Amino acid sequence: MATKINPSFTDELKKYGAVNMNACYNCGTCTAVCSLSTTDESFPREMVRFSALGLEEDLKTSLKPWECYYCGECTASCPQQANPGELMMSLRRWLTAKYDWTGLSGLLYKSLPFMILAMILVFAAVLYFASSISYDLEQMLHAGHNFEMIAIGTIFLIIFIPNLLRMWYFTIVKTKTKVGIKYYFTTLSELFVNMFTQKRLRDCDEADNFRWVEHLVLVLSYLSLLFTTVFLNWFTTENIFVVVFGYLISFIIFVVTAHFVSDRLKKNKSLNKFSQPSDWFFVIWLFLMGVTAFMVRLFIDLDMLVSNKWLYITHLTVLAQWALIIVPFGKWTHFLYRSFGIYFSKLKTLSS
Amino acid sequence: MSSENKTIKFDALIVGAGIAGGEAALNLANSGYKVLLVEKERSIGGKMILLSKVFPTLDCSACITTPKVSEIARHKNITIFTESEVTDISKTADNDFIAHITKKPRYVHVEDCTACQLCEKACPVSVRDQYQYGLIGRKAAFIPFSIANPKAAAIDIENCTLCGACEKVCPTSCIDFTMETEYFELHAKTVIMASGFSLFDPLEIPRYGYERYKNVITSMQMEREIAPTRPYNTILRPGDGKVPDKIAYVLCVGSRDQTVGNPICSQICCMYSIKQAQLLMGALPMADVTIYYINIRSFGKGFEEFYQQAKGMGVNFVKGKVGKISELENGNLILRYEDISEGVVKEAEHDMVVLSVGAKSNPSVANIFQEGRLKFDPYNFIAQSDLMGSPSKTSIEGVFVAGTATGPMDIPDSILSAGSASSDAISYLIQHETV
């Protein structure tokens, strides 16, 4: 089959953060130093090559970007400083945009003004809503709680499930992978283990156990906070255990994310050197979620929230921006796509 | 220690007595000019005198170098200072350069030494032999190497215990521990920089395990193993003395690599590796030799044929730069690389690995000219002010450059460049004769 190359594709990828990838002279050092690269699944050079040639179909059907955990070794040893690690990161952003049927992901990734506009719109909507119920705290708390539940359900139904199906279609169906139905079930453990633990990161040569533990703690705290606020009603509960637990996890969230932000500011690892707006929004909003949730509960316990309604409105704004923009269309999705990527890739090896 | 300068006068100063400096010196001397040839090593002949054979003709390197070196050493118009360094040069007028030269003591009167090696036998100190690139040891009282010129003993004072054993056995009493560093002030009318290059130090790339893994050696060490004046008299891997039968070459070690600050091609490594591979196939007919490369650059006259010849002899060529090397218990090495033709990461076991190290500039001449008037290129090679018109001219009129001091090049190019530098220097001398 004739393959059509598209050199201008690199301009498109640059909008997603790719840097200097056309410097690649195809020596394969990146693939050879990568400890996750195997004979069955060799990367990242193949991805660099596909990107330089603009082979969009090959990229779209590839799961390799999700198999990379960005330890940065390829970037550190690249003789041409073509930065393969950052290319893999950009490809993950690009794939997220491709999987998203609404097309909003792509717009938000590529255009910072659009992203800011979306954030402002959500903020305006929250303000409008709050004023429409004349800033009644009881109602706001109730609405916030309902919003969280509805948002989670809706996003899953109309964004994530179709997008994951698209991902499945691109990477499994289009590549004509024949996988027995039973394997979908027998491999499920792979999906969940990777979703919650990022097990593969530990195979990185760098053996950055701290990075792994830190990320794991953040994921678990975030999921716990979600559970605590949605199902245990943290803001209104009287249960002392739930209250203390909520304090602990929201505290962990803002401490860990503050550390992430400071690392990105310091640019001390290849992972942190080329932060895109989407990376900043993700860590900063997660930080704000932790801080505002913590403060809201603290003000409730000190009986100060009634006189400081602005705090709850701030929290609600952060929550709405997070749930309506960052979760469905932003970096949050790597939580799903990465683990599904590894799951699908496992299925592919079983089929061959 | 006396620091009084002895004033000397020559027509030309040549810095570096490798093949380029030597060739330039001969050209000038044969034209009747008095030349001072300054060399920092204990022997002249540079790197070429230590090589095995040369590409693409497979001529014996020593057989070309030694007659030339003898001619240089015996020429009435050439004075050689070995173990000497030019510390600074300044231009006072168009035909007057003042250079300061430090000549370290050899502690041996060269003219009396018969190279009988009795001092070597008597000396109790053993250190690594730098002229065999650390493959074997030598004594502190030693003859640098068998075809060195001057072929005379020298005392390595840094490692010497001053026990006096060599002095007692020396039949001509030529060993003299009272020798001191001499300082010279030289007046010369022109200068040729033939300061050569330095080899990349593979310790800068820890993932190749050089010095950590005993059977990972550099291409210069392999060059010594296959040279006529070789240390082991056969090809052995240094770890355990086994004759290797699966040898790997890793190309582009320290060249075309921005992570070590040397993004340029060294121009010689592909070809010397192919040459060594051919010689190894001859020396060890049962051995497998594999060359891991990014691109084979066989651009010179007869080079492509030479490359095809190696393929025909059965040398394996694998496109893919080696990413990392690990060692097995038996001393064998695992090379991890991406086979670019298949796009698949692979591992291969070899019992000996040769790192084809690149050529870098010689850092010792960086500050030799006062006021920094000599310009260098971004990789610290001496810049050519008129690359296309007169490639041996530098940013200072009257200072010429020859050989690899301008950038990596092979032996024929070095000699050509020395010819160009010497003819430019002669023109300069004639033009400024009456000034």
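In chain B, 15 residues of domain 1 are in contact with 11 residues of domain 2. The model is a predicted one. On the domain 1 side of this contact in chain B, helix α2 (residues 61–74) gives the most, with five residues. By class, the residues that domain 1 of chain B brings to domain 2 are six nonpolar, six polar and three charged. The centres of domain 1 and domain 2 of chain B, taken over C-alpha atoms, are 27 Å apart. The domain assignment of chain B places domain 1 at 7–103 + 181–196 + 362–431, domain 2 at 105–180 and domain 3 at 200–359.

Between the chains, 18 residues of chain A are in contact with 19 residues of chain B. On the side of chain A that touches chain B, α2 (29–33) and α3 (45–53) each supply at least two residues, and the largest share, four residues, comes from α2(A). This side of chain A comprises five nonpolar, 11 polar and two charged residues.

Within chain A, a helix pair can be followed in detail. Two packed helices are described by the angle between their axes and the distance between the axes. For helix α13 (residues 209–230) and helix α14 (residues 240–266) of chain A, the axes come within 9 Å and cross at roughly 140°. α13(A) and α14(A) are therefore oblique to each other, and their crossing is left-handed. Among the residues of α13(A) in this contact are A:Val217, A:Leu218, A:Ser221 and A:Leu225; those of α14(A) include A:Phe245, A:Ile249, A:Ile252 and A:Val256. The contact of α13(A) with α14(A) has 10 nonpolar, five polar and one charged residues.

Technical notes: Residues are numbered from 1 along each chain as its sequence is written. Chains are lettered from A and ligands numbered from 1 in the order in which they are written. This is a predicted model: local features need pLDDT of at least 70, side-chain atom pairs count only at pLDDT 80 or more; totals for chains, interfaces and linings use all residues. Axes are lines fitted to C-alpha atoms, for helices over the stretch in contact, and angles run from 0 to 180 degrees between N-to-C directions. Angles under 35 degrees count as roughly parallel, over 145 as roughly antiparallel, 65 to 115 as roughly perpendicular and the rest as oblique. A crossing is left-handed if the near helix is turned anticlockwise from the far one by less than a right angle, and right-handed if clockwise. Two residues are in contact if their C-beta atoms, placed from the backbone, lie within 7 Å. Ala, Val, Leu, Ile, Met, Phe, Trp, Tyr, Cys and Pro count as nonpolar, Asp, Glu, Lys and Arg as charged, and the others, Gly among them, as polar. Domain bounds come from an automatic or database domain assignment.
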